[in-house]
Amino acid sequence: MTKKIQCLISAGPTREWIDPVRFISNPSSGKMGYALAEEAVARGFEVDLVSGPVSLTPPPGVRLHRVVTADEMEKTMKELLDRAHLVIMTAAVCDHRPKKQWSEKLSKEDFPKNLEWVKNNDIVRGLSAARKNGQKIIGFAAETTDAMAHAAEKLATKGLDWIALNDVSQKGIGFASDFNDVTLLSSAGETIALGRETKKKTAQKILDRVWP
Ligand code: CTP
């Protein structure tokens, strides 16, 4: 019996707490990551889906790992990296967390006028530094300006095999939308425009390229 392809996918936003009732986050819906997970299952892959807080139903057949903060996402992704053949990092990870997290709810009078921030680790960069031979790692980049140049730089500095760029300055695609318009860039120098598609179709086209 041939061994199943193991696919590790992250999706959705992370939340970084200020106090027990307040956090910073971003508008990621998780739709792109969930569409990839569904498509990977349809192709017979075994899928670990590491998901930040989203309101989507997990696709049947995935192993779902719920996380909230970037730290939790990093820990879970690292634990699951070893068995993965293919890693796809669609999550919109918060780059920063408040330096101080209050354990009790702040009243509006006590709420600080300024917050200090510390940087979260770059999760996908850590995964690519720790990877073994043959593991493929795909990142995403949502850009508003100089999209191609920024995505190419992230592909290189994060040590990725592919990066899926979406230009979120275009109306009607990206965050929370059912549509996307992705350009794939590879470490081998390919540039492949997938065109404006549903996220389901985009997921199919991405997997066709990254795991033919
Ligand atoms: N990413 C990550 N860990 C982070 C930030 C981002 O793993 N702390 C991953 C994302 O999941 C994505 C890729 O890195 O696959 C690019 O994310 P993006 O937010 O575009 O890049 P940043 O490195 O955060 O750069 P910047 O926000 O400065 O554009």
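The model is predicted.

**Entry: cysteines**

I began with disulfides. A disulfide is a covalent bond between the sulfur atoms of two cysteines. I searched the whole structure and got 0 disulfides.

**Entry: strand β9**

I moved on to β9, residues 136–143. How many of its 8 residues are buried? I read 6, so the strand is mostly covered. Then I checked its pairing. β6, which spans residues 86–89, pairs with β9 in the parallel sense. I noted 4 bridges for that pair. β10 also runs parallel to β9, and 6 bridges join these two strands.

In β10, Gly139 has Ile163 as its bridge partner. I then followed the chain out of β9: the path goes through α4 and on to β10. Which hand does this β-α-β crossover have? I recorded right-handed.

**Entry: Lys158**

Where does Lys158 lie? I found Lys158 in the loop between α4 (147–157) and β10 (162–167). Lys158 has 19% relative accessibility. The cut-off for buried is under 20%, so Lys158 counts as buried.

What does the Lys158 side chain meet? I found a polar contact of 2.6 Å between the side chains of Lys158 and Asp122. I then listed the contacts of Lys158, leaving aside neighbours within four places in sequence. Asp122 came up again, along with Val124, Arg125 and Ser128.

Lys158 and Leu127 are 31 residues apart along the chain. Their C-alpha atoms are separated by 9.1 Å.

Conventions: Residues numbered from 1 in each chain as written. Predicted model: local features only at pLDDT ≥ 70, side-chain atom pairs only at ≥ 80, totals over all residues. Heavy atoms only, no water. Disulfide = S-S within 2.5 Å. Buried < 20%, exposed > 50% of the residue type's maximum accessible area, 1.4 Å probe, protein only. Polar contact = N/O pair within 3.5 Å; in protein donor to acceptor, adjacent residues only side chain to side chain. Contact = heavy atoms within 4.5 Å. Pairing = 2+ DSSP bridges. Right-handed = clockwise from strand over helix to strand, strands pointing away.
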